[in-house]
Each structure stands twice: as C-alpha cells, then as structure tokens.
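Thanks for making the time, everyone. I would like to walk through one model with you, beginning with a pocket and then moving on to strands and sheets.

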Amino acid sequence: MSASPFSEAQQYLWPTDSGQYLSSTFGETRSAHFHAGLDIKTWGQEGYKVFASRDGILHRLLITERGYGKAIYLKHPDNTYTVYAHLQRFNDTFQHLADSIRLSDYSFEMDVEFDSLAIPVKQGDVIGYTGSSGIGPPHLHFEVRNSNQNAVNALSTNLEVKDTIPPVFSSLIVEPLTKKSRIEGNPYSRAIRPNKVNGVFDFGTIRITGESGLAVNVYDQSNEVYNAYAVYSLALVHESDTLFYQELNSLSFSDSGEMFLDRIAPFGSTNRGHQRLYSKDGHNNPFYLIEKPAAQILPAESAKTYTIIATDYFGNRSNATIQIEKDGFDNSSSPKKLLPIYNWYWHEDWASPDLQSTIDLTSRKIGLPWKTNQQVIYRDSLLPINIARLFPSQNQTLLSSDNSVLIRFNEDTFFDTLSIGFTHKIVDGQYQISIQPEMAALKKNFQLQYYMGHAFKPGNKYRLFRKNNSKSGLSYVDSELQGRTVYAYPDEFGEFVIISDNTPPEISNFKIYRTDYGKWLASVDLKDELTGIDSSSAKFTINGVHGIAEYDYEENLLIYYLPNFEPKQTNQVFISVKDKAGNIASFNTEEIRTGF
C-alpha cells in the first residue's frame, strides 16, 4: 500500500448514515471507464442523510438523466474536492439553487458551478439524501479528487471499512500475442479456472507456442457483506523478478478509455472482467508502475512457474500460480474456410478466420486491393469482407466495395495501429452491418453511413441499433436519416441493424402522490421499445402550470416536479414527449381525481 497523500489535518467524515459498508471500490470495471470512487451501500433504500465529508464551499451542482444523476461537488480549503452522486434530492439551500436555474426554462438537466457565491459548508452538514438517480440501484457514490480534479482512491484517506478477507482468484486468460502463437495448439485465448491447494490458487500447467500474455479475474470482499470489489494491487512475478505491477491509486478522467486496453473478456464473451498482466502498445494507464517486456511470456525449453499476487487496500493478500510449458505444436497452414467475421479471433495485426490457422492482417496480399489501406476478401460464398488497416494519427474513411457503407474515423480514435473487418447484408428486409473486432479499444465515437438505395421505403424513420445481450437484444445508437442514408455515431464495434421506428411512446398510469419526505409529485409510466425516450422533449403541465419533467430511464417514469406543487381535488393534465426517432405521444385529460 502506498503512503497516503493526505495528512492528519485532512480527516474525512464518512459521508452518510447508512452504515460503513461498500458495494464497489475504486478502479473497478464499468461499461466505458474505470470506477472513480467508492459506492456506499444503502441497502436498497433511499433517503439516508448525506454529510459534507470536510469543510468547504459548494463548487458544483449536477443533474443528469444518466451517469451521476443528482450530484453535489464540494471544494475544500486545500483545493481538493469531494463528490456525492446518485442523490434523491439536495438539502433545501442547494435544492432552491437548482430549482431557480431549472425553472428559468423548465429544463430537467443542469450542470452549474457556484464557486463565486462561496456558499459555505461545514463538516457534518446535511447536504443531501441518498437515492438512485442516474444509473444503478440505490447507493451513494463518493469521490475524492485532488486539486487537478483527478480522482483519488478514497481509501487512501482516513476512511476505511472492516476487511480481513483476502482476494479470490476466479479465472485466468492466456492470450496468443503473435500470429504464430498457440495456446494448447489453438490460435485463440483460453480461460482457466483454478484449484485451491494449501491456500494458493493453482491454475495448473498450460502449453504454449510463441509469445503469450496473461489476464486475471480476481475480486476482493469485506466483512459482513457479499459484494465483490476490485483488488488494490496486482503483480506478476517469475522467481524474484517482478514483471508487472499495478496499484489503483488515482486516475485522470481523460484516461477513462484505458479501461478498454486493460480489461478484457474471454473469447466469445463481452464481459471485461479480466485485468491484463502486461502492457499494450499505445497505453497511458495510470495504474501501471512496473511493466517489463518479459511480462509478455515466451516459453522456455523447461517449464517455468509464474506467481500472481493480489492485495486489497488493507493488506490482505492471495497468491496464484501457473506453470508455462513450451509446446512443439506448429501450424503455419493457411485458412481453408472462413467463418463469419464476428466468429473470428482478432488481434490488432492478425486474425484466425477458422480458429485453426491465422492470416497476417498487415499483409497487402490477403485480398483484392480496394481504396487506400483496404482489401476485399471473396471466399467460400460468403459476403465480401472488407479488411482495413487503421492508424491512430490519421483521419481515415472506409468504403464498402458496393459503395453503400461508409465508415469515418477521426485521428486519435485508436490507441495503436490495428486492422478491422466489416461486412453488410440484407436479411428478411433487415439491414445488417458487422464491424469487427467487437472488443477493439476505441477512444471516441466514429461515423457510420449506410445508403439504403432502392430498398428504402418512404415514410419510415430508419435508425441504427447495436445487438447486445439485453432483454430486447438491441441498444439504440445515436443516428438520423438524411434522404436515403442513415448517419450514425457508434462508440464501439459489433453487430448492427437498421430498423424503422414509426411508433410513438406509450403514456399510462398517471398518479399524484406524496413522498415520505412530504413532497407532492406526479408521474406517468413511459414505454418505448426501440429508440427510447428523448427526455429533453418532454412537457408536463398540471392545471395549466408547467413543471420540470424529470425522466427516470431505469424505472421508465416521467415525473412532474414543481417546488411548491399542491394538487387539487381534480386536476387538468397535459403531457407530450418524443422518442429519439421524433415520434410524438401526448396525454391530455380534463379531470384526474387524486383520491383525497
């Protein structure tokens, strides 16, 4: 554990009265970033008090549909900050400030700084109440930030939880790193589960050819709760030589995309639960402290044993071992059959199209030349496969061989040079585009254009969706229709479909109710199966009085909020809202009885 950057004069108060237990820790994997704080358990409930952890002033109030939801930022005398997120509501003073700003145009979202007002807070002041706004179930997200607004592991302060439990290793991935590398004779990664022998997690013996890397899934726990946390430090050691070492101390929000390089999924999965124990080219990971070339393992003539050491912030430690043997297997044959590209095993410089042999994606001889840095492969009666070589320092535009698909990348979209493949087809009237590898690390969105040509049917509001493992199987991608071309802005690769969304949202179940903290609210249920609700379009009036239309996308609720709202025995209600394809729904009733 590193020495704390905080002195005894900078003591922090535990920021809520829900109890001193965590549901998540600093540096954990999230969908597109590292977790920047501590998540404090509130036991599935809302309304616990949130305290100012230190003296300071109000720096910023944030209200967003997603992300942090309702959040308070405090600035402290030493120019550090604390953040309190996913709140149910602010205290009266802060709520009045937020209301006065939002009521100027009845906007739901806001993000305003208040340093110039120098509104003081004292340690222990109630500044808000825990909730579930933004994303996730009820909990309090708490951050400590330094004077540069970089997130710091809050456990490096005086804050702590009871933890005497060592980390647990659940699985290990062995990755091939060159086109000639093989893991147990195969050109794709392999996941292994350990046996626990005499207190050590043993991953057994793995036979490899060529250079390979390790990635480990390991979690920590603390006393009296069952949540799984990130470990604080990870080391890869051979004999007495530390080949790789990381500590979760601090991070810059500009480095959030580093998560895509550091955390990977087993082949065939999209769950990025494994942390690499070697560094990738182009990274700027703030957690890496030791990264030697030998962490990319070359098998020796005799077997070698590698030790992985995981430690939590309170010094509890677990060890795991794996023995690496050299495999004499050699497969230099060319692929005889090509699988669909979403089934290939992809590396930045090579791929395995049949999961038996490999092709060199840096070669200009794997297909027919097409445009700059592009080739097209025609084989096995499959769709034409466009292969493109991409460079992080360049703006690049790719075009399908029939000119219907255009993909545009701005410079600095990628961490390092890589090759990708894409195909497209129409199946049962549905437009499908595949861009691979799905797990490629991207720093920013790219533009995807699809010209629909003669298959276009006027009057349809076509939009782009990405296939996923959700209940609906689809997630909407920000997109629009111009003429017969769909313009979309994905932030990751994968399998995409173009679908028309011509159905407006459904509005139902209007009710007026009083909260357990005495506030009158009204709400309706919203349902939209495809593009989802455009919360910025919502309008909600009761008895002719505009309110702020707050949208809870996880509960599919549109909530009428007005600071001094008092319902009548009967109420006139008007609601209108659009989905993200522009379909409009309205709800207009002359009389609603509140039942009191």
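Let me begin with the second largest pocket, which is lined by 38 residues, those nearest its centre being Lys70, Gln88, Tyr517, Leu521 and Ile559. Before I go on, please keep in mind that this is a predicted model, in which local features need pLDDT of at least 70 and side-chain atom pairs count only at pLDDT 80 or more, whereas totals for chains, interfaces and linings use all residues. Residues are numbered from 1 along each chain as its sequence is written, and side-chain values use heavy atoms, with hydrogens and water left out.

As for terms, the search runs on a 1 Å grid over the protein atoms alone: a pocket is an open set of points with protein on both sides within 12 Å along at least five of seven lines, a cavity is a set of points where a 1.4 Å probe fits but cannot get out, and lining residues have an atom within 4 Å of a point. The second largest pocket has a volume of about 980 Å³, a volume being the space filled by probe spheres set on the points, with grid points joined across faces, edges and corners. Its lining divides into 14 nonpolar, 10 polar and 14 charged residues, where Ala, Val, Leu, Ile, Met, Phe, Trp, Tyr, Cys and Pro count as nonpolar, Asp, Glu, Lys and Arg as charged, and the others, Gly among them, as polar.

Which elements each supply at least two residues of that lining? They are strand S7 (87-90), helix H1 (92-102), strand S43 (506-514), strand S44 (520-527), strand S47 (548-552) and strand S48 (557-561); helices (H or I, at least four residues) and strands (E, at least two) are DSSP runs, numbered from the N terminus. Strand S43 also contains Ile512, a residue that is buried at a relative accessible area of 14%, buried meaning under 20%, exposed over 50% and partly exposed in between, with a 1.4 Å probe and protein chains only. The C-alpha atoms of Ile512 and Ser523 are separated by 6.6 Å, although the two residues are 11 apart along the chain.

Turning to the cavities, the structure holds 1 cavity of 30 Å³ or more, and the largest cavity contains about 140 Å³ of space. Its lining is made of 17 residues, with Thr25, Leu155, Asp220, Ala230 and Tyr313 nearest the centre, and by class it has 11 nonpolar, 3 polar and 3 charged residues.

Now to strand S19 (residues 233-238): why do I call it largely enclosed by the rest of the structure? Because 6 of its 6 residues are buried, and both faces are covered, with Ser233, Ala235 and Val237 buried on one side and Leu234, Leu236 and His238 on the other. In a regular strand the side chains alternate between the two faces of the sheet.

Strand S19 pairs in the antiparallel sense with strand S20 (residues 241-247) over 6 bridges, pairing requiring at least two DSSP bridges between two strands. Here Val237 stands opposite Thr242, and the two strands form a hairpin with 2 residues between them, where Glu239 in the turn has a positive phi of about 55°. S19 also pairs with S25 in the antiparallel sense, again over 6 bridges, and Ser233 stands opposite Thr311.

S25 and S26 form a hairpin with 5 residues between them, and Gly315 in the turn has a positive phi of about 90°. Strand S26 (residues 317-326) is in turn joined by 6 bridges to strand S17 (residues 200-209), and these two run parallel, with Phe201 opposite Ala320.

Finally, an open sheet of 5 strands has the order S33-S34-S37-S41-S40, with antiparallel pairing. Strand S33 (396-399) and strand S40 (479-482) stand at its edges with a single partner strand each, so one side of each is left without a neighbour in the sheet. Within this sheet, 4 bridges join strand S37 (residues 447-451) to strand S41 (residues 485-488), and the bridge partner of Tyr451 is Thr485.
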